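This report covers a ligand site and the domains around it. Please look over the sequence and structure first.

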Amino acid sequence: MNTLLRIAIQKSGRLQEGSLELLKESGLSFSNGKDQLKTQARNFPVEVLFLRDDDIPQYVEDKVADVGLVGENVFAEKKKKNQIVKRLDFAKCRLSIAIPRSETYGGIASLHGKNIATSYPNIVKDFLQKHNITAGIHEISGSVEIAPGIGLADAICDIVSTGSTLLGNGLKEVETVMQSEAVIIANPELGPEKQKILDKLLFRIEAVKKAKN
Ligand code: ATP
Ligand code: ZN
């Protein structure tokens, strides 16, 4: 039986297009129908799985997938036993803390005792701990930026790229918590055959990157 490297990518969302493009530019040929869960490349020992990005680190830890393509923010939040094997230079964004624009920001210490709404509780917890701040963390899964306006929280920590969403919700960015880009994560115990396929793929990705610059 031939070994296949299973690669998990986002089924739909901001990472999907860049992920498909990367794999195809690396020479992999495969079909990607709308309702497909997985597909096998025609010309490379790879199977592509289409999943929710938030689930990918867990699947890679559990070896349901061998490698995955996710935002570094999701990788950091999930705290799974995966390693970053490649940074991909797309889906660049940052996780930032924002407060209502009407408030004056008194530095990081002014977050003490506040309530922060976020979809990234682990990252925020680590950030606060690092700065010796005690604050409440209110985990919500979406539409985080409306939390201060509806009285759910004093501040938020969310993904920012241009800042226009914050502005539209009467918020201003006051601290950068982390920078993020798309990354390839891998299970640390792939075994020699899968590792060989991964190395070949990474080599091709690097070649594509060099050709673009
Ligand atoms: P769902 O899980 O419901 O599919 P999501 O909000 O987790 O949605 P996306 O919005 O598709 O997923 O974002 C996926 C990843 O893309 C994020 O985790 C982040 O790394 C990156 N990203 C998100 N927003 C931006 C942005 N505005 N600019 C660049 N990269 C972004
Ligand atoms: Zn998601």
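How many nonpolar, polar and charged residues does the shell around ligand 1 have? The shell has 5 nonpolar, 6 polar and 5 charged residues. The model is a predicted one.

**The domains**

The chain is divided into two parts: domain 1 (5–91 + 181–212) and domain 2 (93–179). Their centres, taken over C-alpha atoms, are separated by 30 Å. Domain 1 gives 6 residues to the contact, and domain 2 gives 11 residues.

**The ligand site**

Ligand 1 sits in the largest pocket. Both domains take part in its shell: domain 1 and domain 2 each supply at least three residues. There are 16 residues around ligand 1. Those that come nearest are Arg 14, Arg 52, Asp 54, Asn 73 and Ser 161.

| Residue | Atom of the residue | Atom of ligand 1 | Distance |
|---|---|---|---|
| Arg 14 | backbone N or O | oxygen | 2.7 Å |
| Arg 52 | side-chain N or O | oxygen | 2.9 Å |
| Ala 91 | backbone N or O | nitrogen | 3.5 Å |

On its own, ligand 1 has 630 Å² of accessible area, and the protein covers 73% of that. Arg 14 uses a backbone atom for its contact, whereas Arg 52 uses a side-chain atom. Both Arg 14 and Arg 52 are also among the residues that come nearest to ligand 1. Ala 91 pairs a backbone atom with a nitrogen atom of the ligand.

Key:
Residues numbered from 1 in each chain as written. Chains lettered and ligands numbered in written order. Predicted model: local features only at pLDDT ≥ 70, side-chain atom pairs only at ≥ 80, totals over all residues. Heavy atoms only, no water. Near = heavy atom within 4 Å. Polar contact = N/O pair within 3.5 Å; in protein donor to acceptor, adjacent residues only side chain to side chain. Areas by Shrake-Rupley, 256 points an atom, 1.4 Å probe, with all protein chains shown as cover. 1 Å grid on protein atoms, 1.4 Å probe; cavity = no way out; pocket = protein on both sides within 12 Å on 5 of 7 lines; lining within 4 Å. Sits in = over half its atoms within 2 Å of the grid points. Nonpolar A, V, L, I, M, F, W, Y, C, P; charged D, E, K, R; others polar. Domains from an automatic or database assignment. Contact = heavy atoms within 4.5 Å.
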